[in-house]
Amino acid sequence: MPVEGGEVWAEDTGGEGLPLVLLHPGVSASSVWDTILPTLAAHHRVIRYDVRGFGRSPAPGGPYSLAGDLLAVLDHFDVGRAVLVGSSMGGATALSLAVDAPARVAGLALFCPGVTGDPALESTELLDRITELAQQGDLDGMVSLGLRTWAAAGTGEDPEAAAHIRAAIPGWFNNLGHQMPDPDAFGRLGEIAVPCLLALGEHDQELVIRSNEAVAARIPGCRLVRLAASDHFPSLREPERVARLTLELYDSVG
């Protein structure tokens, strides 16, 4: 489907009622939702898409923003309001839209979300190490670093998580110089007035856990859930619970 200055791959299961929109993390593409999509689609209309440069979406050819593309997807499918289900980068996109265009958001199901404007997430140490490995052409080293960083709940042999990370790496570099930052959402989380669930992974990075706790505390009425068996890939580690929590959040939306 067209977006400003480019295209993204998107999928709509069809159906009536308020849709669920699935927003993938930066360590995967929309395929990260494959396990839970049938469960969600059995109950509701579900829309998902790949961010530019990830999965089945072409690399960007000009500037864009994540929240801007989310709005374009909603408009393309003629969706006025939606329940947003965001993981990591997708969670940050969902929060950005919730504060900038609240009329378009009916509810938020956030899994290990990022958020723009949180100083706790602004360290460049990991990005610097990834860049160093990229300059060395060490793809296996980047995957190994990704497994240690985001997939701590797995084992040394974790082919599923490794495949997601390996497939996401081109997106990290395709988007350099093109992806424009969305406005600060962290300082405006108190404005969110829709049902919200935030689930963090107990095996995630400590800085992400602390950020997730702060985000949940700042959103009025947000339900905080701790996923004991999850790292930064909750839809891989605990798919049934992720699906159940998402459906519970949907049911709470007026």
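User: How do the residues lining the largest cavity divide into nonpolar, polar and charged?

Analyst: Happy to start there! This is a predicted model, and in it that lining has 5 nonpolar residues, 3 polar ones and no charged ones. The residues are L23, H24, Y49, V51, L66, M89, G90 and T93.

User: What about the largest pocket: what volume does it have, and which residues lie nearest its centre?

Analyst: Its volume is about 1,600 Å³. The pocket is lined by 40 residues, with M89, L121, S123, L127 and Q179 nearest the centre. Helix 4 supplies the largest share of the pocket lining, 5 residues. By class, the pocket lining has 20 nonpolar, 16 polar and 4 charged residues.

User: Why is S57 called buried?

Analyst: Set the value against the cut-off: buried means under 20% relative accessible area. S57 has 7%, so S57 counts as buried. S57 sits in the loop between strand 5 and strand 6.

User: How do you know that S57 makes a polar contact with W9?

Analyst: The limit for such a pair of N or O atoms is 3.5 Å. A polar atom of the S57 side chain lies 2.8 Å from the backbone nitrogen of W9, so the distance falls within that limit. Leaving aside neighbours within four places in sequence, the residues in contact with S57 are E7, V8, W9, D50, V51 and R52.

User: What makes a group of residues a nonpolar core, and which members of the largest one touch the most others?

Analyst: The largest core has 47 residues, and L40, F111, W172 and F233 touch the most other members. A second, separate core of 37 residues includes V8, I47, I192 and I209. In soluble globular proteins, nonpolar side chains tend to be buried together.

Definitions and conventions: Residues are numbered from 1 along each chain as its sequence is written. This is a predicted model: local features need pLDDT of at least 70, side-chain atom pairs count only at pLDDT 80 or more; totals for chains, interfaces and linings use all residues. Side-chain values use heavy atoms; hydrogens and water are left out. On a 1 Å grid over the protein atoms alone, a cavity is a set of points where a 1.4 Å probe fits but cannot get out, and a pocket is an open set with protein on both sides within 12 Å along at least five of seven lines; lining residues have an atom within 4 Å of a point. Grid points are joined across faces, edges and corners, and a volume is the space filled by probe spheres set on the points. Helices (H or I, at least four residues) and strands (E, at least two) are DSSP runs, numbered from the N terminus. Ala, Val, Leu, Ile, Met, Phe, Trp, Tyr, Cys and Pro count as nonpolar, Asp, Glu, Lys and Arg as charged, and the others, Gly among them, as polar. Buried means under 20% relative accessible area, exposed over 50%, partly exposed in between (1.4 Å probe, protein chains only). A polar contact is a pair of N or O atoms within 3.5 Å; within protein, one must be able to donate a hydrogen and the other to accept it, and residues adjacent in sequence count only if both atoms are side-chain atoms. Contact means heavy atoms within 4.5 Å. A nonpolar core is a set of buried Ala, Val, Leu, Ile, Met, Phe, Trp, Tyr and Cys residues joined through side-chain atoms within 4.5 Å.
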